[in-house]
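I opened this model to look up its overall layout first and then a few individual residues. These are my notes, in the order in which I took them.

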Amino acid sequence: MKQDTHGDHGPFLPSSDCRTPVFKIVIKIPLCDYTAENGATEFWPGTHKETPILCNTGRYGDKSLYEPMLAEWREKTEPEQAVAPRGSALL
């Protein structure tokens, strides 16, 4: 089952319309090999710069907000799958 596209955390300052410094780092450690066949995590390079659009609506995590943004990003690039052996650390 494929998981919907989503961010891994909410905004640092939800009521602010300015960009904030990095305040969290997500580390994924696969317990089995990440392969295209078993559904490795997809990353959308550059979309982290679009989070103010998602956060400032007050509807962070709302799937309907991601689709328009991702439609624009599909014109620029495709997502990349994180293929990695188990025990790796993906930042």
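The entries below go from the whole chain to single residues.

**Entry 1: confidence.** I noted at the outset that this is a predicted model, and I therefore looked up the confidence of the predictor before anything else. The chain averages a pLDDT of 76, and 66% of the residues score at least 70. Going through the elements, I found the lowest mean pLDDT, 55, in helix H1 (residues 51-55), while the highest, 86, belongs to E2.

**Entry 2: layout.** I counted two helices and two strands in the chain, and reading from the N terminus on, I wrote down their order as β-α-α-β.

**Entry 3: surface and burial.** How much of the chain counts as buried? I found 20% of the 91 residues in that class. The accessible surface of the chain comes to about 6800 Å², and carbon and sulfur atoms hold 55% of that area.

**Entry 4: a nonpolar patch.** On the surface I located a nonpolar patch formed by Val22, Ile25, Ile27, Ile29 and Leu91, which together have about 600 Å² of accessible area. I picked out Ile29, which sits in the segment before strand E1 (42-43). Ile29 counts as exposed because its relative accessibility is 52%, and the cut-off for that class is over 50%.

**Entry 5: Ser88.** I next turned to Ser88, which lies in the segment after strand E2 (80-81). Is Ser88 buried or exposed? With a relative accessibility of 18%, Ser88 counts as buried, since the class takes in residues under 20%. I followed the side chain of Ser88 to the backbone oxygen of Pro85, which it reaches at 2.6 Å. Setting aside the neighbours within four places in sequence, I listed Lys28, Ile29 and Pro30 as the residues in contact with Ser88, so that Ile29 of the patch turns up again here, as a contact of Ser88.

**Entry 6: Lys76.** Last, I looked up Lys76, which I found in helix H2 (residues 63-76). Lys76 has a relative accessibility of 55% and therefore counts as exposed. I also checked its distance to Gly46, which is 30 residues away along the chain, and the C-alpha atoms of Lys76 and Gly46 are separated by 9.9 Å.

Terms used:
Residues are numbered from 1 along each chain as its sequence is written. This is a predicted model: local features need pLDDT of at least 70, side-chain atom pairs count only at pLDDT 80 or more; totals for chains, interfaces and linings use all residues. Side-chain values use heavy atoms; hydrogens and water are left out. Patches are made of residues with over 30% relative accessible area and no salt bridge: like charges are joined within 9 Å, nonpolar side chains (Val, Leu, Ile, Met, Phe, Trp, Tyr) within 5 Å. Accessible areas come from the Shrake-Rupley method with a 1.4 Å probe; for residues, only the protein chains shown count as cover. A salt bridge is a side-chain nitrogen of Lys or Arg within 4 Å of a carboxyl oxygen of Asp or Glu. Helices (H or I, at least four residues) and strands (E, at least two) are DSSP runs, numbered from the N terminus. Buried means under 20% relative accessible area, exposed over 50%, partly exposed in between (1.4 Å probe, protein chains only). A polar contact is a pair of N or O atoms within 3.5 Å; within protein, one must be able to donate a hydrogen and the other to accept it, and residues adjacent in sequence count only if both atoms are side-chain atoms. Contact means heavy atoms within 4.5 Å. pLDDT is the predictor's confidence in each residue, from 0 to 100.
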